[in-house]
Amino acid sequence: MRDAVTTLIKTYDLTGRYLDRDAMDTLKSFYDSGLRRIKAVNVINLNSVDIVKTAAAGMFTQVPDLIRPGGNAYTTRRYATCLRDMDYFLRYASYAIVAADTSILDERVLAGLRETYNSLGVPIAPTVIGIQNMKVRTLELLGTDEDYSFVAEPFDYLSDGLSERDI
Ligand SMILES: CCC1=C(C)/C(=C/C2=NC(=C\c3[nH]c(/C=C4\NC(=O)[C@H](C)[C@H]4CC)c(C)c3CCC(=O)O)/C(CCC(=O)O)=C2C)NC1=O
């Protein structure tokens with residue numbers, strides 16, 4: 001797993017360059033947003049149950065067939081597994097937020113997930129709705145006093161990675 005600084009250094013090291021003005025801008029923005037990243041993750045930690053529950057409730061309202069007989073989240077076991085998956089997405093999103101880097105999502109979450117979901121009949125589109133609902137709820141809890149726009153990134157990255165849309 002990498003963070004914004006190691007990713008940057010790796011890029012420059014590959015071509016044997018000193019860090020230039022662009023690199024300095026990237027580093028500055030990483031350090032400037034550091035405290036806000038920690039605050040955002042703290043809010044996620046304190047409200048993880050709320051975020052997962054609210055997002056799931058929205059998802060099941062938007063796609064009610066999921067919890068009807070024949071739906072993939074029907075039965076207590078599958079319902080609980082669905083919420084567990086959402087909790088995984090949220091926890092790894094919080095790691096990506098402190099790292100300001102999405103590589104951990106490729107390595108620990110997205111690798112092979114689409115194939116697993118396809119083989120188990122877990123529908124991707126509603127899962128993406130659930131992930132987006134978590135983003136919305138997290139941003140709502142954070143409020144607008146400070147710039148928390150970076151919070152969207154890991155949720156969008158997970159959504160795009162699952163959908164295999166171009167990112
Ligand atoms: C940390 C990285 C990680 C991830 C992401 C992960 C996901 C993951 N979700 C699974 C199952 C599942 N995932 C879901 C999820 C859903 N069904 C729906 O209808 C909803 C749309 C959705 C919730 C949003 C369900 C219901 C299952 C069980 C499917 C089954 O066993 O039939 C499985 C199969 C094994 C198991 O049941 O545990 C994996 C590996 N495991 C991991 O280790």
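This section describes the fold of the chain, the surroundings of its ligand and several loop residues.

The model is predicted. The chain contains nine helices and zero strands. Read from the N terminus, its elements run α-α-α-α-α-α-α-α-α. Along the principal axes, the C-alpha atoms fill a box of roughly 60 × 35 × 20 Å. The chain has 167 residues, and 40% of them are buried.

The ligand sits in the largest pocket.

In the side chain of Asp 85, an N or O atom lies 2.7 Å from a nitrogen atom of the ligand. Arg 84 places a polar side-chain atom 2.8 Å from a ligand oxygen atom. Ala 73 takes part through its backbone: one of its backbone N or O atoms is 3.5 Å from an oxygen atom of the ligand. Taken alone, the ligand exposes 880 Å², of which the protein buries 80%.

The loop between α4 (48–62) and α5 contains Thr 75. The phi angle of Thr 75 is near 90 degrees, a positive value in a residue other than glycine.

Ala 100 is not a glycine, yet its phi is about 50 degrees. Ala 100 belongs to the loop between α5 and α6 (103–110). With a relative accessible area of 18%, Ala 100 falls under the 20% cut-off and is therefore buried.

Gly 121 occupies the loop between α7 and α8. Along the chain, Gly 121 and Asn 72 are 49 residues apart, but their C-alpha atoms are separated by 6.9 Å. Gly 121 is partly exposed, because its relative accessibility of 46% lies between the limits of 20% and 50%.

Ser 33 lies in the loop between α2 (21–32) and α3 (34–46). Its relative accessible area is 5%, under the 20% limit, so Ser 33 is buried. The side chain of Ser 33 makes a polar contact within the protein: it reaches the backbone oxygen of Phe 30 at 3.1 Å.

Key. Residues are numbered from 1 along each chain as its sequence is written. This is a predicted model: local features need pLDDT of at least 70, side-chain atom pairs count only at pLDDT 80 or more; totals for chains, interfaces and linings use all residues. Side-chain values use heavy atoms; hydrogens and water are left out. A polar contact is a pair of N or O atoms within 3.5 Å; within protein, one must be able to donate a hydrogen and the other to accept it, and residues adjacent in sequence count only if both atoms are side-chain atoms. Accessible areas come from the Shrake-Rupley method with a 1.4 Å probe; for residues, only the protein chains shown count as cover. On a 1 Å grid over the protein atoms alone, a cavity is a set of points where a 1.4 Å probe fits but cannot get out, and a pocket is an open set with protein on both sides within 12 Å along at least five of seven lines; lining residues have an atom within 4 Å of a point. A molecule sits in a cavity or pocket if more than half of its atoms lie within 2 Å of its grid points. Helices (H or I, at least four residues) and strands (E, at least two) are DSSP runs, numbered from the N terminus. Buried means under 20% relative accessible area, exposed over 50%, partly exposed in between (1.4 Å probe, protein chains only).
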